[in-house]
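Hi,

Here is the structure I promised to pass on. Have a look at it first, and my notes follow below.

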Amino acid sequence: MNSLEGRLQRCAINTATLGHREPLGTTLDRIARAGFGGVAPWRHEVEAVGATAAGRQLRALGLTVTGYCRSAYFAAPDEAERKANMNANIQALNDATEIGAQCFVLVVGGARGVKNGLAGARAQVQDGIGELYIEARKLGMPLAIEPLHPMYATDRSVVNTIRQALALCESIAPDDNPMLGLAIDVYHCWWDPDLVSSIAQAGQAGRILGYHVCDWLPDTRHMLMDRGMMGDGVVDLQGFRGLMEQAGYTGMVEVEIFSAEQWWKLPQDKVLSVCAERLQSVC
Ligand code: ZN
């Protein structure tokens, strides 16, 4: 396997990594200037400047949009909220198209407050993705289900493994692999005893649409906001990328780090330079 040395053009920055501390335009300029080939922006940032303007800047900078973050939840406590979320997701699909995203990333929602708990939430997720998939097909915008670590099953996602996400894809869109697939994030999946076979299976199905990296800190202090920089934790990142490439993944490596107490307190250009160094040395 080739290292990523000298290949930052194959790497992308999820804007969450910089802490959403400045307008999108400034962030995009920084990321391009630092030599990265791609970016994954968030909805609130794109909506603040408008998708048309964001798309224009992205094309001018030559940045690939590895994914558009992210869906509103498909599982909801009541019908009004479910419907509002669906409408927001349809609008976001249009914006994803406008900015030229390679996929729209789905974080599906947790079980809290949902009728029939976990099973009820999973049923709503299946139905909701099915409904959004019809809209996505009209626009030709692929949907990438991102399985989240099971610690988020209450509040963020009842889809928790690669295999479970793959089963959803096969059930909703059996013959349509480019339009419904997965974003695989090392933070959420590194612990999975079925990792090797799951990634191979997802690759064989042609359904891997994105690859996100950070690291799992051995002394994690916060469930959401304490992801580690690559190389600072326990994940075998080179091994993980090897599995992705063996599975046929040729897309970008996207850095996504939520780190309220550490990385978000440092100057953005410093964070980008450490990302670049670690991508090339430990990923
Ligand atoms: Zn991710």
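**The zinc site**

Along the chain, the donors of the zinc ion follow the spacing E-x38-D-x26-H-x43-E. Donors here are N, O and S atoms within 2.8 Å of the metal (3.2 Å for Na, K and Ca), and water is not among the atoms, so sites may look incomplete. The protein donors are E146 (OE), D185 (OD), H212 (ND1) and E256 (OE), at 2.0 to 2.2 Å from the zinc ion. H212 in strand β7 (residues 208-213) and E256 in the loop between β8 (253-255) and α10 (268-282) link distant parts of the chain, 44 residues apart. Both H212 and E256 are buried (under 20% relative accessible area, 1.4 Å probe, protein chains only).

Please keep in mind that this is a predicted model: local features need pLDDT of at least 70, side-chain atom pairs count only at pLDDT 80 or more, and totals for chains, interfaces and linings use all residues. Residues are numbered from 1 along each chain as its sequence is written, and side-chain values use heavy atoms, with hydrogens and water left out.

**Helix α6**

Which residues of helix α6 (residues 162-172) are buried? They are I162, A165, L166, L168, C169 and I172. Seen down the axis of α6, these fall within an arc of 155 degrees (taken from the directions from the helix axis to the C-beta atoms), so they line one face of the helix. They pack against α5 (117-139), β5 (143-145), β6 (180-185), α7 (186-189) and α8 (195-204). Helices (H or I, at least four residues) and strands (E, at least two) are DSSP runs, numbered from the N terminus.

Enjoy!

Methods
Buried < 20%, exposed > 50% of the residue type's maximum accessible area, 1.4 Å probe, protein only. Contact = heavy atoms within 4.5 Å.
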